[in-house]
Amino acid sequence: MFQELTIKQLYTTTETIAKELLDVHTYPWEVLSDIGAFIIQLGKRLPSDIFEQVGEHIWIAKNASIAPTASITGPCIIDEQAEIRHCAFIRGNAIVGKKSVVGNSTELKNVILFNNVQVPHYNYVGDSILGAYSHMGAGSITSNVKSDKTLVTVTFQGERIETGLKKFGAMLGDYVEVGCGSVLNPGTIIGAHSNIYPLSSVRGVVNAHSIYKNQGEVVEKEQRN
């Protein structure tokens with residue numbers, strides 16, 4: 001087992017309504033193919049005093065803020081106090097956590113956003129999982145399909161881990177900060193509490209508590225008391 005890449009290492013699963021889905025898997029990419037079915041199953045059990053079903057397989061918390069120009073396709077769950085801004089495009093198989101922000105012209109597809117995630121400005125997030133309090137700067141995106149259309153692998157410690165997936169964007173641990181204009185290439189995994197410099201092209205695994213400056217230059221963050 002590659003411990004650094006496990007769900008338990010990357011995420012605090014109590015910070016998402018999808019906890020029961022995540023807890024039955026070891027690695028986060030194993031969850032991607034189950035998101036849609038899980039939403040449909042969970043949506044039927046959501047409390048009607050908190051959530052309202054507004055369309056086919058679409059459940060939205062009554063205190064969430066949804067711009068009238070937003071486009072939302074199910075299956076989808078938008079949790080309490082989330083904010084879906086002007087022209088956001090949610091294409092289905094999406095869970096948006098409590099107090100999360102999906103911003104102007106941001107597109108989501110087959111994703112789990114934990115609580116307090118921000119993708120606020122012109123982001124594309126597809127086939128990805130973003131941990132609690134993670135943030136993607138303006139224009140940063142996940143690239144979820146390889147240019148040669150082959151299956152995505154995860155490269156870690158000199159080994160290639162087969163995922164069996166054609167579409168796999170990025171896994172961001174809790175409290176990850178991605179700088180503006182960055183591209184997270186297929187199969188990218190970023191450990192918790194790491195920072196990605198603006199305009200980066202990231203591939204492979206970035207360890208927890210790191211600063212990614214460019215390919216080949218990743219430094220450990222100074223720990224502050």
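1. Start with Phe-51, which sits across from Ala-61 of strand E2. The strands here are E1 (residues 51–55) and E2 (residues 58–61), antiparallel and joined by four bridges. For the bookkeeping, strands pair if DSSP finds at least two bridges between them, and elements are DSSP runs numbered from the N terminus, with helices being H or I of at least four residues and strands E of at least two. The E1–E2 hairpin leaves two residues between its strands, and His-57 there adopts a positive phi near 60 degrees.

2. A word on provenance before going on. This is a predicted model, where local features need pLDDT of at least 70 and side-chain atom pairs count only at pLDDT 80 or more, while totals for chains, interfaces and linings use all residues. Residues are numbered from 1 along each chain as its sequence is written, and side-chain values use heavy atoms, with hydrogens and water left out.

3. Now the overall picture. The protein's secondary structure amounts to three helices and 25 strands. Along the principal axes, the C-alpha trace spans about 50 × 40 × 30 Å.

4. How much of the protein is buried? Of its 225 residues, 50% count as such, where buried means under 20% relative accessible area, exposed over 50%, and partly exposed in between (1.4 Å probe, protein chains only). The accessible surface is about 10300 Å², and carbon and sulfur atoms own 47% of that; areas are Shrake-Rupley with a 1.4 Å probe, and for residues only the protein chains shown count as cover.

5. On contacts (heavy atoms within 4.5 Å), take those with a separation of 6 or more: 30% of them link residues 24 or more positions apart.

6. On charges, there are 19 positive and 22 negative side chains, with the centres of the two sets 4 Å apart. Lys and Arg count as positive, Asp and Glu as negative, and His and the chain ends are not counted; each charge is placed at NZ of Lys, CZ of Arg, CG of Asp or CD of Glu.

7. Strand E10 (residues 107–113) deserves a look: six of its seven residues are buried. E10 pairs in parallel with E7 (residues 89–90) over two bridges, and there Ile-90 faces Leu-108. E8 (residues 94–96) is also parallel to E10, over three bridges, with Ala-94 opposite Val-111. E12 (residues 124–130) runs parallel to E10 too, through six bridges, and Val-111 has Ser-128 of E12 as its bridge partner.

8. Is Asn-115 buried or exposed? Its relative accessibility is 7%, so Asn-115 counts as buried. Beyond residues up to four places away in sequence, Asn-115 touches Glu-15, Thr-16, Gly-97, Lys-98, Ser-100, Ala-132 and Tyr-133. Gln-81 is 34 residues from Asn-115 along the chain, with 9.9 Å between their C-alpha atoms.

9. Finally, Ile-189 in strand E20 (residues 188–190). Ile-189 counts as buried because its relative accessible area is 1%. Leaving out neighbours within four places in sequence, its contacts include Leu-5, Leu-10, Trp-29, Val-154 and Met-171. Ser-128, the E12 residue that partners Val-111, is 61 residues from Ile-189 along the chain, and their C-alpha atoms are separated by 9.7 Å.
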